[in-house]
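Visitor: Can you walk me through this one? I'd like the strands, then the rings.

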Amino acid sequence: MTTRYMLMAMALAATTPAVQASDLDLEGYVGVVSDYRDRGISLSDKDFAAIGSVAAYHKSGLYGGMLAATFDDRLGGQVETEFFAGYRIDKGTVIYDISGELDMYHGDDGTRTLPGLRGSMARDFGLFFIRGGLAWSPEGRWHSPDVASLYAFSDLEVPVPNMPELTFITRVGYDMRSDGRSNLWDWGVGLSAFLLDRVELTLMYDDTSKNDPRASGTVSVGARFYF
């Protein structure tokens, strides 16, 4: 399975035309969180994790990159790598985005590879920013492999009045599983603070409707340095 996905990625890269460096913007970050969560469920068993991401954005709207995280979960996972590529249309106040993702979880039991597709629309209203979309995972997620998932999500960001470095953030999602028995709500609320334009500090509360210690409500903190 993994070899098939790698060959698909190589074929895509081979057919992508060369671009000038001046047409690309390279962005990324490194950071640490006290609880690393995916759709409200803790991958790190509510322990610290190191994370990092780098991506290249072309002026045409095409982009691609990867994310990596280190953690130690009860399922034997130790490292997550995610490769993604997509196309973004920025209309100023409205942004459309569609992307493909390949999540790989590496651990004591080998590597689990899970593909996915994501589409979203976002709008900046000035007083707040909102985004909504759908994500399709035909082979499930790390906590429910082999159970196809359609995930609906929405994020809201509201700058704190008279304090532009602070932003109120909240999110909600609903994971619809193909087995029909393990559908799941997740939600979160918190604050984000930017320092010196490159350092972000976060304080979040996340919870889900799942009856599992990894999915119960918890407060987490995080820090990221952007470059």
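**Strands and rings**

Guide: β12 and strand β13 (residues 163-177) pair in the antiparallel sense over twelve bridges. Strands are DSSP runs of E, at least two residues, numbered from the N terminus; two strands pair if DSSP finds at least two bridges between them. This is a predicted model, where local features need pLDDT of at least 70, side-chain atom pairs count only at pLDDT 80 or more, and totals for chains, interfaces and linings use all residues. Residues are numbered from 1 along each chain as its sequence is written, and side-chain values use heavy atoms, with hydrogens and water left out.

Visitor: Which residue in β13 is the bridge partner of Asp155?

Guide: Arg171.

Visitor: And the hairpin of β12 and β13, which residue takes a positive phi?

Guide: Asn162, near 65°. Two residues lie between the strands there.

Visitor: What pairs with β12 besides that, say β9?

Guide: β9 (residues 129-137) pairs with β12 (residues 149-160), antiparallel, over nine bridges. Ile130 stands opposite Leu156 in β12.

Visitor: Now rings. How many aromatic pairs?

Guide: Eight. Rings of Phe, Tyr and Trp (its six-membered ring) pair if their centres lie within 6.5 Å; planes under 30 degrees apart count as stacked, over 60 as edge-to-face and the rest as tilted.

Visitor: Why is the Tyr151 and Phe153 pair called stacked?

Guide: Their centres are 6.0 Å apart and their planes at 20°, so the pair is stacked.

Visitor: Is Tyr151 buried or exposed?

Guide: Buried, at 6% relative accessibility. Phe153 is buried too, at 8%. Buried means under 20% relative accessible area, exposed over 50%, partly exposed in between (1.4 Å probe, protein chains only).

Definitions and conventions:
Helix = DSSP H or I, 4+ residues; strand = E, 2+ residues; numbered from the N terminus.
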